[in-house]
Amino acid sequence: MAVWKCTACGFEKEGRCKPKKCPQCEAKDTFVKVENPKEEK
């Protein structure tokens, strides 16, 4: 699982695939992968 962060509003979402649209600010194609998520297993 990867953590994706919206570059427009800072919303973070966890998932396998890059989200197409931000559920918080409705921006499209603004997600970037967060390399070091805060929670480690």
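Colleague: In the hairpin of strand 1 and strand 2, which residue takes a positive phi?

Modeller: Please bear in mind that this is a predicted model. The hairpin of strand 1 and strand 2 has 5 residues between the strands. Among them, a positive phi near 90 degrees is taken by Gly 10.

Colleague: Which residue in strand 2 stands opposite Trp 4?

Modeller: Strand 1 and strand 2 pair in the antiparallel sense, over 4 bridges. Ala 2 has Gly 15 opposite it in strand 2. For Trp 4, the residue opposite is Lys 13.

Colleague: In what order do the 3 strands form the open sheet?

Modeller: Strand 1 pairs with strand 2 over 4 bridges, and strand 1 also pairs with strand 3 over 4 bridges. In the latter pairing, Lys 5 has Val 32 as its bridge partner. The pairing is antiparallel, and the order is 2-1-3. The edge strands, each of which pairs on one side only, are strand 2 (12-15) and strand 3 (31-34).

Colleague: Why is strand 1 largely enclosed by the rest of the structure?

Modeller: A residue is counted as buried under 20% relative accessible area. Strand 1 is largely enclosed because the buried residues number 4 of its 5.

Key
Residues are numbered from 1 along each chain as its sequence is written. This is a predicted model: local features need pLDDT of at least 70, side-chain atom pairs count only at pLDDT 80 or more; totals for chains, interfaces and linings use all residues. Side-chain values use heavy atoms; hydrogens and water are left out. Two strands pair if DSSP finds at least two bridges between them. Helices (H or I, at least four residues) and strands (E, at least two) are DSSP runs, numbered from the N terminus. Buried means under 20% relative accessible area, exposed over 50%, partly exposed in between (1.4 Å probe, protein chains only).
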